[in-house]
Amino acid sequence: MSKRLACVTGTASLRRQKRAWIISSFEIEEGHPGPFPYELGQIQIERTYRVQFELMGEGVDKEPKGLLSIDKASGTVLVHKAVDYEEHQNLRLTFESRKTDQAIDTKLGVEIGILDINDNPPLFLRGVYKIDMGESTRQGSYLLSVLAHDKDQRGSPNSTFDYKMVSVSPQPANAEFFINNHGSISFTGCLEYEATENYTLVVKAQDHGEVVSLSSLTTVIINVQDENNHLPTITGYTGSSKVLEGSTGIAPLRLHVTDLDTKGTPAWRAKFTIEGNEGGHFKIETDPETNDGILSVVKPLDFEDGAERELSVSVENEEPFFSCEVKNRAVSGLWTVDTTAALPQRSSERFIIHIEDANDPPIFIMPVKDTSMMENAEVGSPVETMTAVDLDSSHANEFVYVKGYDPDDWVTVDLHTGHITTAKLLDRESRFMDKDVYMVILYAVDNGEPPLTGTGTLRIHVRDQNDNVPQLTVSYVDMCVSDDPTTANITAFDLDLDPYGGPFLFQLLGDTDGKWSLDPSYGHSVNLVKETSVYAGSHTVEMKISDLQGQFAMYNLSVTVCDCSVTPSCQKGRVTVTQMGYGAIGILFTSLIVLLFFLSLSVAIFCGKEQSIIHIDSSANTLLHTNTEAPGTDCMVLDQNFSSHGARGYGQEDLQLFNDNSLYMISPCAVTNSYHHQGFVQINKYSNNTMNCGSVTNAFRSLLHQRLYSIQVPGEELGDYDPNPYADEGDSSGGTQFQLDTISIPDDTLDIGDMQDLSPKFNQLASLCIPDSANH
């Protein structure tokens, strides 16, 4: 192809015109076969002088380099090789003309177009397309799209192409696949998985090239998924069809099923329905491996309700059933198909379950029964009758009643009638009661093999009686010595319920005027008031407490009065005695045993045969002397030759007491002119009068009891106290003299009960003064 470039000049009178360049367009056909170089065109110019041509830009000194060149003298443009339109659609260059002196005469930029040829077929994005589709997919449904692209010039016939269905394998009997101009694939008719599980489609894309038409192929694989177009069928069952009454978890039947759909899919898996299963005794499950239906018992059956059960079991699939049938094949468009066929009758089977009789346990007519009884009811009183029945026809009424739970053995049960009576007095305050209810559990046991048991519960509601008297919460209180009356709280309680309990009436007994009083005297708690005349020490306050119904009790309240400025808490001293270490307690009892030993020897030496008998009047809490001879008839008389170092003629059994720097010699039967003074027994010196040995023994008991009590220092352990300092007897320095604290033990602290609980050693001591009957 040759093109010319011309330069045309024009003149006007007396005026110079500028020279202009007119360049025809150049075009290069892509893929030109040659031979090379060939002449593309020539640049021509009207000129009166010589010029040289230069060509620069794409195709010359820029990519694609070496494509073009120009003859500098003639202006002819040459093409040296083929060019690809898909790489370069046009070339941008610069033309220059230069005078012989190399001065630029003219410079102009131009473009050379590349002509496209059909050298590219349309290409698919993928070589193979795959898709899964359900068997029940309706015709005309969109399946998938294939997509191709052509690199030739956009909009030209070379890049315009169509899609065509080349082949379908295997060819479906009742379906046809097609593709539209956009590459979308669909089908008409009905798919059938059982006929073909997958289809292979070959699709072609072909362009509209005028000289030559190019094309390419792709493959589409359609996998058909099986769906439920075949119903399951029950082909039979195996099993005994027998069930033992009362049993669960057994499977009397197995139903066998066939299905033409793919195994393991929802279209194949069976789902069963039971009819005639009143009471919900049966269930049926699907074996995932065989698709069999396993009928099992989940709720016990009762033979007495019927010996047979008639059941009907039907089967269907997990996935809904569908159908598709071609009625007419149209030349174009969708075919006529029927997808509304009526659902076929579901497969079902009827069978009979036989129930075998078994031994049933007796049943209480009222499994839980409530009754009411007054506490302290007479033994043998009727309580209630618990009745059971046995529904077995072969074991009816052959059972006995036995107790299963009666924690305090309150009742007895008749073996054959279930009649319950009291076996002891009922006590509402018993520890076996739970909120005023006593629980008894009975069993009805039949004679089956093995024996079976029915259970009944009797709840006995025990009504309250006023059989308890008020009680003190504590039996002792502590009070402080004061210039003003002091009080201590006294609280009582009653195990009985209202109206047999509190509030209570509190009354003081005995000689309490000017000593003790109550404020108030009515309520659950009252205040015991101590007047200022009550001295420090231990006291007993007699008290009567009555409930709302007049039931009362008498109490001896132990009151300890102490100087709280010295001992902050009277109770502390009592507590510390109980908390003495084992060593201190051992020392105390060792000393006591030694004292008893010497005391026993003294009694053995000095006591005669005649003894007085001491009786204890428990009502008056005093010692009563009976059959007592005149003093001085049963004991030896002390020797009056008494020295400051002891009594002559008496052994170590004699007891020496030092008091106020005076020496007293006391033998158990040589006590003379005894009298009480501030809780101590004092004996006049050198007296030859004697008293009864039994009285002496009791006096020693009282003295020892008081001495033991006096060593309890409030707030201190035994042997653990801070001693008061005293000046030495020989000290004449005139230092400060300290006086001994007075120990006061009142007369009324002697309690006969305490004397009885001292020790068997005291009884042994007393027996020494009681002669054997053979010696009277």
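Is Lys435 buried or exposed? Lys435 is exposed, with a relative accessible area of 76%. Keep in mind that this is a predicted model, so every value here is computed from predicted coordinates.

**The chain as a whole**

The protein chain runs to 776 residues, and buried residues make up 37% of them. On the secondary structure side, there are 5 helices and 54 strands. Of the contacts with a separation of 6 or more, 64% are between residues 24 or more positions apart. The chain exposes about 43400 Å², with carbon and sulfur atoms supplying 51% of that area.

Lys435 has a positive phi of about 55° although it is not a glycine, and it lies in the loop between strand 35 (419-422) and strand 36 (437-446). Asp409 is another non-glycine with a positive phi, this time about 50°. At 48% relative accessibility, Asp409 counts as partly exposed; the cut-off for exposed is over 50%, so Asp409 stays in the in-between class.

Then there are the cis peptide bonds. One joins Glu63 and Pro64, with omega about -5°, and Pro64 is found in the loop between strand 5 (51-57) and strand 6 (68-70). Another joins Ser169 and Pro170, with omega about -10°. Pro170 sits in the loop between strand 14 (161-169) and strand 15 (175-179).

**Disulfides**

How many disulfides does the count come to? The count comes to 2, and here they are side by side.

| Disulfide | S to S distance | Torsion about the S-S bond |
|---|---|---|
| Cys190 and Cys324 | 1.9 Å | -70° |
| Cys480 and Cys564 | 1.6 Å | about -85° |

The link of Cys190 and Cys324 is left-handed. Cys190 is in the loop between strand 16 (184-189) and strand 17 (198-207), while Cys324 is in the loop between strand 25 (308-317) and strand 26 (325-328), so this pair links distant parts of the chain, 134 residues apart. As for cover, Cys190 is buried, with a relative accessible area of 8%, whereas Cys324 counts as partly exposed at 32%.

The torsion of the Cys480 and Cys564 disulfide is about -85°, so this link is left-handed. Cys480 lies in strand 39 and Cys564 in the loop between strand 46 and helix 1 (570-578), so the pair ties together parts that are 84 residues apart in sequence. Cys480 is partly exposed, with a relative accessible area of 28%.

**Around strand 46**

Strand 39 (residues 476-480) pairs with strand 46 (residues 552-562) in the parallel sense, over 5 bridges. Within this pairing, Tyr476 stands opposite Ser558 in strand 46. Strand 46 also pairs with strand 45 (residues 537-546), in the antiparallel sense and over 10 bridges. There, Gly537 has Val561 of strand 46 as its bridge partner.

The hairpin of strand 45 and strand 46 has 5 residues between the strands, and in it Gly550 takes a positive phi near 90°. Side chains get involved too: Lys544 lies over the face of Phe552, at 4.2 Å from the ring centre.

**Aromatic pairs**

How many aromatic pairs does the count come to? The count comes to 9 aromatic pairs. One of them is Phe36 and Tyr38, a tilted pair with 5.9 Å centre to centre and 40° between the planes. Phe36 counts as partly exposed at 32% relative accessibility, while Tyr38 is buried, with a relative accessible area of 15%.

Tyr237 and Phe351 form a tilted pair as well, at 5.5 Å centre to centre with 50° between the planes. Tyr237 lies in strand 19 (residues 233-238) and Phe351 in strand 28 (residues 348-356), so this pair ties together parts that are 114 residues apart in sequence. Tyr237 is partly exposed at 35% relative accessibility, and Phe351 is buried, with a relative accessible area of 3%.

Finally, ring pairs link Phe124, Phe161 and Tyr163 into a cluster.

Terms used:
Residues are numbered from 1 along each chain as its sequence is written. This is a predicted model: local features need pLDDT of at least 70, side-chain atom pairs count only at pLDDT 80 or more; totals for chains, interfaces and linings use all residues. Side-chain values use heavy atoms; hydrogens and water are left out. Rings of Phe, Tyr and Trp (its six-membered ring) pair if their centres lie within 6.5 Å; planes under 30 degrees apart count as stacked, over 60 as edge-to-face and the rest as tilted. Buried means under 20% relative accessible area, exposed over 50%, partly exposed in between (1.4 Å probe, protein chains only). Helices (H or I, at least four residues) and strands (E, at least two) are DSSP runs, numbered from the N terminus. A charge sits over a ring if NZ of Lys or CZ of Arg is within 6 Å of the ring centre and within 35 degrees of the ring normal. Two strands pair if DSSP finds at least two bridges between them. Contact means heavy atoms within 4.5 Å. Accessible areas come from the Shrake-Rupley method with a 1.4 Å probe; for residues, only the protein chains shown count as cover. A disulfide is a pair of cysteine sulfur atoms within 2.5 Å.
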